[in-house]
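Subject: Structure handover

Hello,

Here is the structure for you to look through. Please open it alongside this email.

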Amino acid sequence: MTTTQHPPYPPHEPRRGPGAPSGDGSAHDHAPGGEHSGSGGHGGSGGHGHAHGHGHGPAAPVSRHLRKVIAAVLIPFAAAVLVGLAVLWPGGAPPHERTGVGFDRQTQEATVTKVDRLSCQSVNASGSVPTGDTSTAEGSSAAQQANGDCKRATIRVDTGGDKGRTFQEIVQPDQTRQLHEGQKVVVAYEPSAPRDLQYSVTDIDRGFPMALLAGIFALAVVVVGRLRGLMALVSLAISFVLLNFFILPAILQGSNPLLVAVIGSSAIMLIALYLCHGLSARTSVAVLGTLVSLLLIGVLGSLFIGWAALTGNTDDNTGLIHGLYPSIDMSGLLLAGVIIGSLGVLDDVTVTQTSAVWELHEANPTMGWRGLYRAGIRIGRDHIASVVNTLVLAYAGAALPLLLLFSIAQSSVGAVANSELVAEEIVRTLVGSIGLVASVPVTTALAALVVSADRPAGRAAGQSAGAADGGRAPARGGRGRRRKR
């Protein structure tokens, strides 16, 4: 055995400088940047020890070559998004004549100033006592209107040209919305109606409780998330701006809903991810994974919406939109909703998977891309199960009244699923879920390939220093560590 020979070491000692440790410390001074095992943590004040220190942490920098590769993909994509925003920017929604139906009504804020109780017989037109079967909903309502106590509310208009004007409204005892003194309400205004019928209560003013809830949410996000939480709120505000000032007006102007949704969603994705998670290779990988998944959702959504002959015109609101703006492609609007609705959950999945692979690499830098992918996909399987279940329950909760109607009618599962109103939600849920499922292996594979192919600057510097010493010191240093273990 020749492992006990030490003569080659002394000639290298003067290169360490004053105060450098002797003995096996030279092995750490000359170790390449990729060596992290053994007692390498005692590398002292050597230059390579400093480079090794930068290798740890949640946002380790990657090599310049890898940054160039990522930039070559994302910069043209970001430039295309900016061009699309500039070309399709609408400059506001087109004007139209108000119909006075549904949401297309002029509204003002108002306050209930007085509520009087009186007999319903004195205010109902007929005044006759109903003789029908009170076990039915119609009969019970008629009996309440004839024998119950009604309310006469005096309401003051607080905004608009008629500010200060008052009117009265009768509230029947079986109405869902009951008024009380001091309550803030929203009133609809119809200028073509007779003066005493121009105003009517259309809803409750929920501005204060909604603003209070939003404030509690913002406070909780900032307290727990700190700077990240603040950036998340900023990105949320930007998302609303893009939605209200680009996506919605551009669709109303007649632009292709799918193209508008893709460009708007891409802009939201780029701003939200980079603003919340920083301008890094890790975030760029999440962006790429999200982009690939969105493309898959767009292709599948377009295919199955056309195959299932879904028109997107299934209720009063969509019918009103189509009546006001006949040029809007309603099936394209449906597909745009699928893409935008899937974006938020996609961001969560891709960022989580990318971070998981990055942390696995930080914990074990020697793990190859296959090992990283296998470990990351195990984490992703748990994420898939929870996210898919979340999507299905979210859509089922939103459509719960509709599902109750089908249950009351005792319709079969096949008949329910075949109706266009339910089929839209099924296609929306399944297409979005397929995109989410696909985002896990796609993002995990991209992240594993990126971190395993990386050549950090510290490692390159260590190899250059080893070459300057003739290439012998690193090898002898490595033998010294193996001998010590």
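Below are the findings, taken one topic at a time.

One caution before the details: this is a predicted model.

**The nonpolar cores**

Start inside. The largest nonpolar core holds 58 residues. Val81, Phe246, Val260, Met269, Val287 and Trp358 have the most contacts inside this core. Which helices build it? At least two residues each come from α3 (64-88), α5 (207-252), α6 (257-277), α7 (281-307), α9 (330-363), α10 (369-398) and α13 (420-453). The largest share belongs to α9, which gives 11 residues.

Pick out Val81 and look around it. Leaving aside residues up to four places away in sequence, valine 81 touches Ile263, Ser266, Ala267 and Leu270.

**The disulfide**

Next, the cysteines. A disulfide is a covalent bond between the sulfur atoms of two cysteines. How many disulfides does a search of the whole structure find? It finds 1. The partners are cysteine 120 and cysteine 150, with 2.0 Å from S to S. The torsion about their S-S bond is about 110 degrees, so the disulfide is right-handed.

Where do the two partners sit? Cysteine 120 is in the loop between β1 (106-119) and α4 (137-147), while cysteine 150 is in strand β2 (residues 149-157). The bond therefore ties together parts that are 30 residues apart in sequence.

Are these cysteines buried or exposed? Buried means under 20% relative accessible area. Cysteine 120 has 0% relative accessibility, so it counts as buried. Cysteine 150 is also at 0%, so it counts as buried too. Now check cysteine 276. Its relative accessibility is 12%, so cysteine 276 counts as buried.

**The surface patch**

Val222, Leu227, Leu230, Val234, Ile271 and Leu275 make a nonpolar surface patch of about 430 Å². Helices α5 and α6 each supply at least two of the patch residues. Which helix gives the most? That is α5, with 4 residues.

Leucine 275 is in helix α6. Its relative accessibility is 30%, so leucine 275 counts as partly exposed.

Best wishes

Methods
Residues numbered from 1 in each chain as written. Predicted model: local features only at pLDDT ≥ 70, side-chain atom pairs only at ≥ 80, totals over all residues. Heavy atoms only, no water. Core = buried A, V, L, I, M, F, W, Y, C linked by side-chain atoms within 4.5 Å. Buried < 20%, exposed > 50% of the residue type's maximum accessible area, 1.4 Å probe, protein only. Contact = heavy atoms within 4.5 Å. Disulfide = S-S within 2.5 Å. Patch = residues over 30% accessible without salt bridge, like charges linked within 9 Å, V, L, I, M, F, W, Y side chains within 5 Å. Areas by Shrake-Rupley, 256 points an atom, 1.4 Å probe, with all protein chains shown as cover. Salt bridge = Lys/Arg side-chain N within 4 Å of Asp/Glu carboxyl O.
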